[in-house]
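Please look over the chain below before reading the notes that follow. They are meant to be read with the coordinates open.

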Amino acid sequence: MKKLLLAGAALTALTAAAHAESHASEVKLGVILGFTGPIESLTQAMAAGAELAMSEVTESGALLGGAKVTSVRADSTCVDAGAATAAAERLVTAEGVKGIMGADCSGVTGAVLTNVAVPNGMVMISPSATSPGLSEAEDNGLFFRTAPSDARQGVVMTEGLIGMGVKSVAVTYTNNDYGKGLADSFQQAFEAAGGEVTISAAHEDGKADYSAEVGALASAGGDLLVVAGYVDQGGAGIVRGSLDTGAFDRFHFPDGMIGAALEENFGSELDGSTGQVPGTDSPGAAKFAEVVGDKFDVSGPYTGESYDAAALILLAMQAAGSVEPGDYKSKVEMVANAPGEKIYPGELAKALELIAAGTDIDYVGATDVELIGPGEASGSFREIKFEGGKMTTTGYR
């Protein structure tokens, strides 16, 4: 009996040691973004935002007994669902990631969710997939996003344009889930508010000449042109064609068009044009900028959302006491929302310690995170106007 007791004690000790060793091992997170494709100028800063959260957690030594967090990047291309699916499969099967920060564009995000995340039980938190259709996706509680749905962006756009006295607009949108979902959401809201959409027409990315599309938009007319496209692709081509032909000289840009490339490519030609991108003037946004310093440009879209997406995955792991997605998926909303002690950028070590001590946290993060419904972010938007060739912030909505 004594030998059995000793053997049992030894087994318990070995189990505990193995448990501690697994806690102190490497935890891989996938970062799947369009490092090539129509938003490639935006994704380096987005990835840097997510990886900043990972570094912060690693340096704290407080995640599950000292786990090191490693980023594994993969290219979603933003537009090629097959390539994005293959890249995500590699993350899960070959790399052994325990969560995915991404994807970015709505179409590839839906493909990765359906073809990879759900079959493999993998948690994914997108910082930028905004299609309203994703709200209805079958996700088994595995999918979340830190950016608000375009159902809300359509309303925000409407409120801003009506407030500026805009009564009619032409709309062009990139021919995918993101573009179509946003265009439909906006048209519904704008017409309900008494505005007129003279035309809502798709454009394809990757074309050398957009004169036919610009001609159709010009024939329909409007006070301005809404360009629901991509800053590194067809959206920019439509803008250049419109300016060169005089079809339009005033534009409104949703989130996919907001980026430094817009200033670089057009400068003062866009003076008087407007737009919006998810953003907040919350204390967390200022703290995020302070934490980042000069590491990367925090003014670009979805950098804060990317930091928050990675942080939520890691905090949920701590709350579950496990790196397995099936264990921690139910903890994401718990760490994101009240009640609990508010947590801001730069405070992930503190958050991990509070969770380990059994204290509730309310992760505010860089973007004033609040998850509503099935993993949806409530979100707010930063409104932008071009003045002197530069994008200036005019308010938040």
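The model is predicted, and its protein chain contains 14 helices and 16 strands. The radius of gyration of the protein chain is 23 Å, close to the 21 Å that the globule rule gives for 397 residues, so the chain is as compact as a globular protein of that length.

**Overall fold**
- The C-alpha trace of the protein chain spans about 90 × 40 × 35 Å along its principal axes, and 52% of the 397 residues count as buried.
- Among contacts with a separation of 6 or more in the protein chain, 71% are made by residues 24 or more positions apart.

**Surface and charge**
- The protein chain has an accessible surface of about 15200 Å², and carbon and sulfur atoms contribute 52% of that area.
- There are 24 positive and 52 negative side chains in the protein chain, with the centres of the two sets 6 Å apart.

**Helix H5**
- Helix H5 covers residues 150-163, and its 14 residues reach 19 Å from the first C-alpha to the last, close to the 20 Å expected at 1.5 Å a residue.
- Its buried residues are Asp 150, Gln 153, Gly 154, Val 156, Met 157, Thr 158, Gly 160 and Leu 161.
- An α-helix has 3.6 residues a turn, so residues three or four places apart point the same way.
- The cover over the buried residues of H5 includes helix H6 (177-192), together with strands E8 (224-228), E9 (251-253), E10 (274-278) and E15 (381-387).

**Cis peptide bonds**
- The bond from Gly 102 to Ala 103 is cis, with omega near -5°, and Ala 103 sits in the loop between strand E3 (100-102) and helix H4 (106-120).
- The bond from Ala 338 to Pro 339 is also cis, with omega near 0°, and Pro 339 belongs to the loop between helix H13 (332-336) and E11.

- Thr 77, in the loop between strand E2 (68-75) and helix H3 (81-94), has a positive phi of about 65° although it is not a glycine, and its relative accessible area of 14% makes Thr 77 buried.
- Tyr 302, in the loop between helix H10 (283-292) and helix H11 (303-320), has a positive phi near 70° and counts as buried at 6% relative accessibility.

**Gly 346**
- Gly 346 lies in the loop between strand E11 (341-343) and helix H14 (348-356), where it counts as partly exposed at 43% relative accessibility.
- Leaving aside residues up to four places away in sequence, Gly 346 touches Glu 56, Val 291 and Tyr 307.

Methods
Residues are numbered from 1 along each chain as its sequence is written. This is a predicted model: local features need pLDDT of at least 70, side-chain atom pairs count only at pLDDT 80 or more; totals for chains, interfaces and linings use all residues. Side-chain values use heavy atoms; hydrogens and water are left out. Helices (H or I, at least four residues) and strands (E, at least two) are DSSP runs, numbered from the N terminus. The radius of gyration is taken over C-alpha atoms; the globule rule is 2.2 Å times the number of residues to the power 0.38. Buried means under 20% relative accessible area, exposed over 50%, partly exposed in between (1.4 Å probe, protein chains only). Contact means heavy atoms within 4.5 Å. Accessible areas come from the Shrake-Rupley method with a 1.4 Å probe; for residues, only the protein chains shown count as cover. Lys and Arg count as positive and Asp and Glu as negative; His and the chain ends are not counted. The place of a charge is taken as NZ of Lys, CZ of Arg, CG of Asp or CD of Glu. The expected span of a helix is 1.5 Å times one less than its number of residues.
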